[in-house]
Amino acid sequence: MKPTLTKIRKAIPKPLRQFIKNLFAFRYLGRRPRGYRDYMQSMISDQIHSPRAWGSPVSITIEPVNVCNLRCPVCETGAGILGRRPEMMSYENYVKIMDKVGPAANTMIFYFMGEPFLNKDAYRMIRYARNMDIYVDTCTNGEPIDPEALYESGINHISFQIGGITQETHEIYRVRGNLGKTLGVLERYLNIIRKKGRKPSEHQVELGFILMKHNEHEIGDFYRKAKELGVDQATVISPCVRTVEQGECFLPTSDEFWLYDREVFEKNHQLVPKYFFTPNSCPWIYYTMTIQVNGDVVACCRDPRGTMIMGNLIEQPLEEVWNGKPFQELRRMIARDQSRVNLCQLCGGYGQPALH
């Protein structure tokens, strides 16, 4: 009896099935998005667990500033425990970095451990990336934004994230935050978009609701507010915590919004990710890099304090950092025994980044 196509498909290891699916996706769709060649090369590197990434990073995170006007207690910056010197990236250093990583990049995430719009050059930094045809995405508490300058930057997507639908709930986590100011800036930005128009890929606006124990009763009000404002997307954000104590304080009562295994948390007082990708595997380190405010490169967002520096993109060429000894050793360590890598302990895993 001949095997069916379903049986043949199931006999192929899942990682290989995903590889084949990704390999032909762009061809079948007739798409050639920016950076797709590097994406394909990195995909092969990931599948064979190569210590070298054959493609350049297609998604880059840049930290324009590592300070914030708020004091959110889970965030290392807000809690005052980041352990790095507070500073802002100069426009000159930003351009130097972008000229190295920009040619192959498809997407830029324009924030890391700070409020990006505290950097006075934020808008022209975004415009510089947009002029390179890079898709720019950012996240903000909204308070320092100049709506007109934001529009002129040509940004693709921005998420205004609030901690509650009333000032009382908002400021429990968004310490020193002003909900009225955030929503006022958001409204003015939306009015400018409606007045001036936009291209389909630009000025997409998201309202994010950081869900926690003290505000979960406001979910319905959040969606109503988002509809009233007319944002493109309304998202309830499952909260991240760093310690069990933070979990007991902030994690919601509903299991639906937990990123962690609740049974292990309650029985053993441990934080363990609820979901996890294939062990000893991390696609993220083949496609992306995170660049801190001083040009230091870390592997991903799980290293806010910069404990594992891969190199410095102000001082070094891209290839020297991307495939230098630290990055290659990290990829080897993850392929051999990911349980030994501290960065991975609270991470549920990331797949390949989307190409725009």
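**The second largest cavity**

Tutor: In this predicted model, the second largest cavity is lined by Asp46, His49, Asn280, Ser281, Cys282, Ile285, Tyr286, Arg331, Ile334 and Ala335. Two elements each give two or more residues to that lining: helix 13 (284-287) and helix 15 (325-337). Helix 15 gives the most, with three residues.

Five residues of the lining are nonpolar, three are polar and two are charged. Ile285, Tyr286, Cys282, Ile334 and Ala335 are in the lining, and they fall in the nonpolar class. Asp46 and Arg331 also line the cavity, and Asp and Arg count as charged. His49, Asn280 and Ser281 are lining residues too, and their class is polar.

As for volume, about 40 Å³ of space lies in this cavity. The search of the whole structure finds two cavities of 30 Å³ or more.

Asp133 sits in the loop between helix 6 (122-131) and strand 3 (135-140). The phi of Asp133 is near 65 degrees, a positive value in a residue other than glycine. His203 sits in the loop between helix 9 (179-196) and strand 5 (204-210). The phi of His203 is near 60 degrees, again positive in a non-glycine residue.

Their exposure can be read against the cut-offs. Asp133 counts as exposed because its relative accessibility is 54%, and exposed means over 50%. His203 counts as buried because its relative accessibility is 2%, and buried means under 20%.

Methods: Residues numbered from 1 in each chain as written. Predicted model: local features only at pLDDT ≥ 70, side-chain atom pairs only at ≥ 80, totals over all residues. Heavy atoms only, no water. Helix = DSSP H or I, 4+ residues; strand = E, 2+ residues; numbered from the N terminus. Buried < 20%, exposed > 50% of the residue type's maximum accessible area, 1.4 Å probe, protein only. 1 Å grid on protein atoms, 1.4 Å probe; cavity = no way out; pocket = protein on both sides within 12 Å on 5 of 7 lines; lining within 4 Å. Points joined across faces, edges and corners; volume = space filled by probe spheres on them.
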